[in-house]
Amino acid sequence: MSATQQTDDVKDNATKVGVVLTDAAATKVKALIEQEGEEGLRLRVEVSPGGCSGLRYGLYFDTDVRDGDTVQDYEGFGVVVDKMSIPYLIGASIDFADRIDAQGFTIDNPNAQGSCACGDSFH
């Protein structure tokens with residue numbers, strides 16, 4: 001499968017179920033969870049007020065699943081999104097890059113109308 005086809009498939013899945021991870025992001029998250037060594041860790045993705053554009057993303061590991069949370073299962077871990085963040089993240093995809101020109105997680109969110117220069121927040 002070409003990179004373009006994979007990107008299109010990720011975006012199609014994101015539209016159906018909320019935020020999704022590319023293969024590269026899922027591989028990195030799984031490795032980080034294994035490195036932590038704590039049973040039941042999941043990746044929590046959230047949107048909260050803050051940043052220079054009004055809203056910011058949060059990515060962190062969590063063992064809790066609260067009322068209203070949506071959990072998406074990947075091979076070996078889950079991704080949790082709280083009910084307040086879901087509307088902001090439907091259709092979004094998370095990728096991971098480890099290259100000389102880019103490193104870390106990025107979020108491609110079709111709901112974001114704009115972002116700040118540093119890329120840490122959006123509106």
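This is a predicted model: local features need pLDDT of at least 70, side-chain atom pairs count only at pLDDT 80 or more; totals for chains, interfaces and linings use all residues.

Student: OK, how many helices and strands does the protein chain have?

Tutor: The protein chain has three helices and eight strands, where helices (H or I, at least four residues) and strands (E, at least two) are DSSP runs numbered from the N terminus. Along the sequence they follow the pattern α-β-α-β-β-β-β-α-β-β-β.

Student: And what share of the residues is buried?

Tutor: Buried residues make up 35% of the 123 residues in the protein chain; buried means under 20% relative accessible area, exposed over 50%, and partly exposed in between, with a 1.4 Å probe and protein chains only.

Student: Which way do the residues of β5 point?

Tutor: F77, V79 and V81 point one way from β5, G78 and V80 point the other way, and all are buried. In a regular strand the side chains alternate between the two faces of the sheet. Because five of the five residues of β5 are buried, β5 is largely enclosed by the rest of the structure.

Student: What does β5 pair with, then?

Tutor: β2 and β5 run parallel and are joined by three bridges, with V45 opposite V81; strands pair if DSSP finds at least two bridges between them. Strand β4 (residues 70-74) pairs with β5 in the antiparallel sense over five bridges, and V71 has V80 as its bridge partner in β5. The hairpin of β4 and β5 has two residues between the strands, and G76 takes a positive phi near 100° there.

Student: Switching topic: which residues have the most contacts inside the largest nonpolar core?

Tutor: That core has 18 residues, and those with the most contacts inside it are V19, L21, V45, F77, V79 and L89. A nonpolar core here is a set of buried Ala, Val, Leu, Ile, Met, Phe, Trp, Tyr and Cys residues joined through side-chain atoms within 4.5 Å. At least two core residues each come from α2 (23-36), β2 (42-49), β5 (77-81) and β6 (93-98), and α2 gives the largest share, four residues.

Student: What does F77 touch?

Tutor: Leaving aside residues up to four places away in sequence, F77 touches L21, A26, V29, K30, I33, L41 and Q72, a contact being heavy atoms within 4.5 Å.

Student: In what order do the strands of the open sheet run?

Tutor: Three strands form the open sheet, in the order β1-β6-β7 with mixed pairing, and the edge strands, each pairing on one side only, are β1 (20-21) and β7 (103-108). Two bridges join the parallel strands β1 and β6, and V20 stands opposite S93 in β6.

Student: Last one: is N109 buried or exposed?

Tutor: N109 is buried, with a relative accessible area of 8%, and sits in the loop between β7 and β8 (121-122). The side chains of N109 and Y57 are joined by a polar contact of 3.1 Å, meaning a pair of N or O atoms within 3.5 Å of which, within protein, one must be able to donate a hydrogen and the other to accept it, and residues adjacent in sequence count only if both atoms are side-chain atoms. A polar atom of the N109 side chain also lies 2.8 Å from the backbone oxygen of Y88.

Conventions. Residues are numbered from 1 along each chain as its sequence is written. Side-chain values use heavy atoms; hydrogens and water are left out.
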